Amino acid sequence: MSRNQTVYNFNPGPATLPKEVMVQAQEEFTDYRGLGYGIVEASHRGEAFKDVLARTEQNVRELLEVPEEYAVLFLQGGASLQFAMVPMNLMMPGRPAVYADTGAWTAKAIKEAKLFGDVEIVFSGKEAGYACIGDPQSWEVRSDASYLYICSNNTIRGTQYHFFPDGGGVPLVADMSSDIMSRPLDIARFGLIFAGAQKNLGPAGVTLVVLRKDLLARTPEGLTAMLRYGTHVEKDSCFNTPPVFAIYMLGLVTDWLKGQGGLAAVERINTVKSQTLYEMIDSTTFYQGTAEAGDRSKMNITFRLPNPELEALFVKEAAENGLIGLKGHRSVGGIRASCYNAMPLAGISCLVDFMTEFEARHG
Ligand SMILES: *Cc1c(COP(=O)(O)O)cnc(C)c1O
């Protein structure tokens, strides 16, 4: 196989961004639209950034079809801070929070929630090696629960919810860090969603939170300002200095998503991309998918080779061919191809060609 000129970045996060976005950011870097200086240097109280923030929020509202009664926030501290902010703000005295444990990220969220109140587990995939999601639509959630918490896409294990549970009157909370804006979403089904930007939305440094505003009434009095959702709603994400450049980049990425035709169009492309890879995996016993077929992720495609030595060689030779970031998470091993929105179909084709050729040499 000839060496690729193009590098395709399959890293799980921070991850590949659309080439057009990178080029635009570069063109505007030292002189933002005639301002004479860059947005990275701009005051968060100035007109230029205010405009960036307003347009970025508008993009999020359009793409996710966010209803009026929801707030859109751009916060710091990563998705991991949300593991704590969610229970701190939404747990009510004497009313347990219900969690579905589908992998390392929910395990961390559960650990944090236990610091603030009782946690019940409605489903655990642990025994099954986190290879599945189970049947979320059949879960019975107690009606007095504070909220029901899920992780929509399990970045490490390569599983994804294709149907969401219905909490009845219990607000559904979702960590969507690794599949946000990869498909259309009915926000009205959720009380709160959050996503660290660095997988599917932009660079690291900003976390998108969308929450139904009536839930703000739950926040206990004594909670510090920075950790209260209400503070950031009141101050339009500018209570303190927001991550100006990361928000600007998220704005460019959401412009790009609109240019792709919105989330329904993006989902169609993601389906083709993931099907192409899964068909390759299923066509041979040399590659073995790790997630149960019905719960496979369209974002993080995980598989194994016959032994760890071959896996290490696969990762090394793939990188030599311009296909980088394919090593599985250190906690599980194997191979993981993260195929977020910005990964072009051409990158998937190159990977499939490489897999065919690698199997021919080592199978
Ligand atoms: C990456 C990831 C996180 C952690 O994000 P940070 O921004 O690093 O805190 C949490 N949840 C999921 C699903 C992730 O993929």
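1. Start with H44, in the loop between helix 1 (19–28) and helix 2 (47–64); helices here are DSSP runs of H or I with at least four residues, strands are runs of E with at least two, and both are numbered from the N terminus. H44 is buried, with a relative accessible area of 16% (buried means under 20%, exposed over 50%, partly exposed in between, using a 1.4 Å probe and protein chains only). Leaving aside neighbours within four places in sequence, H44 is in contact with F49, C238, N240, T241, P242 and V244, where contact means heavy atoms within 4.5 Å. H44 and V244 sit 200 residues apart in sequence, yet their C-alpha atoms are 6.7 Å apart in space.

2. A word on what you're looking at: this is a predicted model, so local features need pLDDT of at least 70 and side-chain atom pairs count only at pLDDT 80 or more, while totals for chains, interfaces and linings use all residues. Residues are numbered from 1 along each chain as its sequence is written, and side-chain values use heavy atoms, with hydrogens and water left out.

3. Now the whole protein. Its secondary structure comes to nine helices and 14 strands. A compact globule of 363 residues would have a radius of gyration near 21 Å, and the protein agrees, at 21 Å (taken over C-alpha atoms; the globule rule is 2.2 Å times the number of residues to the power 0.38). Along the principal axes, the C-alpha trace spans about 65 × 55 × 30 Å. Buried residues make up 55% of the 363. Of the contacts with a separation of 6 or more, 67% are between residues 24 or more positions apart.

4. Have a look at K213 next, in the loop between strand 10 (207–212) and helix 5 (229–234). K213 is partly exposed, at 38% relative accessible area. Not counting residues up to four places away in sequence, K213 touches E68, E69, Y70, A71 and V233. K213 and Y70 are 143 residues apart along the chain, with 5.4 Å between their C-alpha atoms.

5. S182 is also a loop residue, placed between strand 8 (172–175) and strand 9 (192–196). At 4% relative accessibility, S182 counts as buried. Beyond residues up to four places away in sequence, S182 touches Q160, N200, V266, E267, N270, M299 and N341.

6. On to the aromatics. Rings of Phe, Tyr and Trp (its six-membered ring) pair if their centres lie within 6.5 Å; planes under 30 degrees apart are stacked, over 60 edge-to-face, and the rest tilted. That rule gives 20 aromatic pairs. One of them, F245 with Y248, is tilted, at 5.4 Å centre to centre and 40° between the planes. F245 and Y248 are about one helical turn apart, because they are three residues apart in helix 6 (residues 244–259). F245 counts as partly exposed, at 27% relative accessibility, whereas Y248 counts as buried, at 3%.

7. F314 and F358 make an edge-to-face pair, because their ring centres are 5.2 Å apart and their planes meet at 80°. This pair links distant parts of the chain: F314 is in helix 8 (residues 308–320) and F358 in helix 9 (residues 345–362), 44 residues apart. Both F314 and F358 are buried.

8. One more aromatic item: which residues do ring pairs link into a cluster? They are F83, Y99, W105, Y147, Y149 and F194.
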